[in-house]
Amino acid sequence: MKAAGKYNVAHSLNHAAAHIWPASRRSLTWAVAPGTRKDAIDPLAKQSIEPWSVASGRNFTFKCNSEKNYNIYNASDIKISSRTKATDPALDGKGNVIAYGTPPTEGIMVLDGDETWAPGPLAGATDIGSVGLHEMGNILALEHSSDEKTVMFPSIGLGVRKGLGESDIAAPKNLYGF
Ligand SMILES: [Zn+2]
């Protein structure tokens, strides 16, 4: 996902649903990397992850693992971390690329540590919960939307909070046949 004003939907359609989570993997565990800022966990749980369980009619369920232990983190289905361009070539410093989520069944979400993040819609900062909601969509194999109002639109402005819209809610049902 990119910062507002710099995006190209066609170019961003790189999460094509070649793979979906298999029927045997619908109860997924998630964890944040040890050392991730503590105030990210609650918005990730409530704003980014839980809404997709609801949208799936509870066919997907998500359980949070302890963030204290790298063994548990690495064994989790969904692994959320903050990195910077120094250690992750997919990142580019402040602005432009702000986060990414990998398609099934890799389950990796990375937030760019060079952005100004907030655990809510604060002026001048990027809302962790809203960006996580989009990246979770990509992790679940959902494609990007060209409708700016949807969560699956591939960019977001500062201070903006988004929740799942009609097309976002329909997407997992259509893709997985729930
Ligand atoms: Zn995306």
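Trainee: What does the secondary structure come to?
Mentor: Five helices and nine strands. Those are DSSP runs, numbered from the N terminus: helices (H or I) need at least four residues, strands (E) at least two. This is a predicted model: local features need pLDDT of at least 70, side-chain atom pairs count only at pLDDT 80 or more, and totals for chains, interfaces and linings use all residues. Residues are numbered from 1 along each chain as its sequence is written.

Trainee: And which pattern does the chain follow along the sequence?
Mentor: Reading along, β-α-β-α-β-α-β-β-β-β-β-α-β-α. The radius of gyration is 15 Å, close to the 16 Å from the globule rule for 178 residues, so the chain is as compact as a globular protein of that length. That radius is taken over C-alpha atoms, and the rule is 2.2 Å times the number of residues to the power 0.38.

Trainee: Next, the sheet. In what order do the five strands come?
Mentor: E3-E2-E4-E6-E5, an open sheet with mixed pairing. Two strands pair if DSSP finds at least two bridges between them. E3 and E5 (99–101) stand at the edges with a single partner strand each, so one side of each has no neighbour in the sheet.

Trainee: How many bridges join E2 to E3?
Mentor: Four, and the two strands run parallel. Trp30 stands opposite Cys64 in E3. E2 is also joined to E4 (residues 78–83) by three bridges, again parallel. There, Val32 stands opposite Ile80.

Trainee: What do E2, H2 and E3 make together?
Mentor: A right-handed β-α-β unit, with H2 at residues 41–55. Right-handed means that, with the strands pointing away from the viewer, the path from the first strand over the helix to the second runs clockwise.

Trainee: Switching topic. Where does UniProt place the active site?
Mentor: At Glu135, in an unreviewed entry. UniProt positions use the numbering here, feature names are shortened, and annotations may be inferred rather than shown by experiment. Glu135 sits in helix H4 (residues 128–139).

Trainee: Is Glu135 buried or exposed?
Mentor: Buried, because 26 other C-beta atoms lie within 10 Å. The cut-offs are 20 or more for buried, 12 or fewer for exposed, and partly exposed in between, with C-beta atoms placed from the backbone.

Trainee: Which residues is Glu135 in contact with?
Mentor: Leaving aside neighbours within four places in sequence, Met1, Ala99, Tyr100, Gly101 and Met109. Contact means C-beta atoms, placed from the backbone, within 7 Å.

Technical notes: Contact = placed C-beta atoms within 7 Å.
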